[in-house]
Amino acid sequence: MTELRRRRPPRHKTGGSRNGYTKGLGSSQSGKDSFVVMGIPLQQLIINGLGILVCLYIGYKHALYMRTIHENHMWFTNIKEVEREISFRTESGLYYSYYKQLVHASSITQGLYEITHDNMTEHPSTINVLERMNIYQEVILSILYRVLPIKVSPQHPLQPHQSKSSAPSTASSKHIKASPQHPLQSFSYLSKSSAPSAVINKNPSDQNKSSAFPTKSFSSNKVFIILYRILLIKVSPQHPLQIPFFQSRSIAPSTKFSTSKLDTTRVEYIIPLRESFSLPFLWVQIAATSFYFRPSNNPTKDKLSIALSLVSTFFFALGWQFNQFIILLQSFSLFGVWILDLVPPKKVKMMFYIEAISLLAVCLLQFINKMILGSFVMSFIPAALFLMYIKGDDMKLCSIPSRIFKVISYSTVVLMLMVSINLSVKVLINVEADEHIYKFVLSKFGIGNPRDFDSRIYLCLEAFNFLSFDTYERLTKGMVFPFYVATHAVLLIVLCVAVLQNWSNHVHDSTVKDTASTKKSHLLSNRPELAYHIVQTVFFGVLAMSTLRMKYLWTPYMCILASFGISDYRMWRTVLAHLKTQGMMVQIVRHLATLIVLAALLAIALPPVFKELEELKEFWDPDTVQLMEWIKKETPKKAAFTGSMQLLAGVKLCTGRPITNHPHYEDKQLRDKTKDLYQIYARKTPEDVHKLLKKHKANYIILEDSICLAPSRNGCRTPDLMDFHNGHLPDASNGKMEPGLVRSKVARFCDEIRYNGTRFLKLFKPVLSNKTFRVHKVV
């Protein structure tokens, strides 16, 4: 029966009804949500603003710490200019020489012309340095130095009570007696005079050095931001405890990054290395990619993420010759999260396009650098995009074993396509510049010729060995490695479970569109960026374990994931759910855990930091100083020098004289030329050596006893490398014959020439000798 009853007020409404009545509760709730700025709640905006300020402060302090350590080790601001330049070791000195050349050129245009038509670096050949090397950072810094008013600054004494003349002068690595002030006071005093933001210096070397530290501080900033984005920090009215403690969760990785500096950066003692400028942009790109992969973004945020990722990828690739290998690993990671159906194909394709566009842009800026066109990554990207086109966005009816088979088959096919495309491109455009890298990789795992000069010259360097055990030991003492291993192991399990859940959800679906809206949920359905980090960390870890120099890619990720494991709310909620603990208690437990770990980390790390800040040293290398000053005063400006690659980079920088070879080993003709010139350390007659030096128009040779008379260590000293290359039995064999090698009856040139025999004096005139170097003029 129909009847009339009292009308009930509308439930779950915040606004008025049809009759114009306004619900009291709705008005109150609307008032609570009315403080919105640009679509962001005011409370969240404040928290994000505080996060940015803390991030900038951490980056500033990290840069200041790195600069202070460098100043304490070198006394850079008080030594002579020639000593400053000598302190830029090996390839660092070569890169800085171009910066110096650009600064002292008559004009910017003239400077650019000189480095694109350079006959000083590989005398007598003329090369385009911008094509061969990644030195656009030097170009930009030199232009800033010329254009901006940054050439005048006040005095910068390290210790006011000590002058240069009163410093001791007896050791090659001298210790200066520390002042009695407290380490923190010493740090405070240094911060006033060596702030990384104060790029106002009298000398170009100061400006070049200063620019590296704030650039490197971005690494610390981005470690902070990446974890900040992974944690998806948002203010919730149900969890007000987030507000005072949210910063500690992102401070933790930055603290670990700074306190583990021996394993996270080399910037404080080898400043102008390419990765010192380039890697910070990599972390910017990773942070932007993390934000882009979030499923809750609106189109505007996606566009901003794409733009930031494109710019940062471009600058990363522009600054480092090894960019192609890092981006290749990133491409493997992108392919992995796509083939496992964890990230939408549309976003994976966009990242592939960004990588390809960035590399092609760098290729154009480097005057069509063939090494980029012939790289594996430029072959992998089209292969991956082709497979994505073939597969489409649909998930067909398929069982889990069939999906596993498809993952393996697709991975195999993409690698085969990559190799096929790469070989075709290299044959088509005749690329040989990077063949030594692949020979090195094969030799590292026992494949190929173990006596090959190009591969052994890398294998014998500690930086290209496998990651040493003491690295794990230091990271364990710094509380990084244990938390990282535990967190990454759990995340890998979560990844496997998420993949199986996702595939199980679609076993019985005939055709499911591969979009977030149609997929059923799994453990990582709302956190695809976390899946990407899990996979990418595996690739970076493999690279770091195989090549020590690349650990600077893995260790920042260690800091991020270790801190993530301590700070992530969802992980703590899952763990504590078994103890029937939820809500506010989860927040309290995770914040306490974060603060306890942070306090323990600081208690362990700060005492060594303060002790290091008390140690004051001075750069001291009188033999090299004597050599450089003699060359500047006693030799013609067009006289060409030959010697070890590392030393010649310093000769070019300090004296401006032409050199015949250098440490940037990325050219086949240069590698062949180096093998000719290094015959000065082989068993060759003076006539043979003289003929080779004349062929390459060298006027002087610089011999180093530290190379010529070095004790043999596993056949890794330069004379042994040359013996292997020439088919001679090295000194390390102790008379034992080896297959393919013969015993040479000729004395070693670098040793025999010291006795000034008649045959040598006819062809080589001794002109300078000290405890370290012997210089001979080629007659």
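## Close-up views of a predicted model

**View 1. Confidence along the protein chain.** The pLDDT of the protein chain averages 79, and 77% of the residues score at least 70. Residues 12-33 fall below 50 in pLDDT, and beyond near neighbours in sequence this stretch has 14 contacts in the model. Residues 231-248 are also below 50, with 50 contacts in the model beyond near neighbours in sequence. Where pLDDT is low, predicted coordinates should not be read in detail. This is a predicted model.

**View 2. An open sheet with mixed pairing.** The sheet has 4 strands, in the order β7-β8-β10-β9. Its edge strands are β7 (641-642) and β9 (764-769), and each pairs on one side only. Strands of a sheet pair through backbone hydrogen bonds, either parallel or antiparallel.

**View 3. The pairing of β9 with β10.** Strand β10 covers residues 773-778 and pairs with β9 in the antiparallel sense. The two share 5 bridges. Leu-768 stands opposite Val-775 in β10.

**View 4. Helix α30 on the sheet.** Residues 686-695 form helix α30, which packs on the sheet. The helix touches β7, β8 (700-704), β9 and β10. Its direction makes about 80° with that of β9.

View 5. The buried residues are Thr-718, Pro-719, Asp-720, Leu-721, Met-722, Asp-723 and Phe-724. They pack against α20 (453-459), α29 (668-677) and α31 (705-708). After α32 comes Gly-727, with a positive phi near 80°.

Terms used
Residues are numbered from 1 along each chain as its sequence is written. This is a predicted model: local features need pLDDT of at least 70, side-chain atom pairs count only at pLDDT 80 or more; totals for chains, interfaces and linings use all residues. Side-chain values use heavy atoms; hydrogens and water are left out. Two strands pair if DSSP finds at least two bridges between them. Contact means heavy atoms within 4.5 Å. Axes are lines fitted to C-alpha atoms, for helices over the stretch in contact, and angles run from 0 to 180 degrees between N-to-C directions. Buried means under 20% relative accessible area, exposed over 50%, partly exposed in between (1.4 Å probe, protein chains only). pLDDT is the predictor's confidence in each residue, from 0 to 100.
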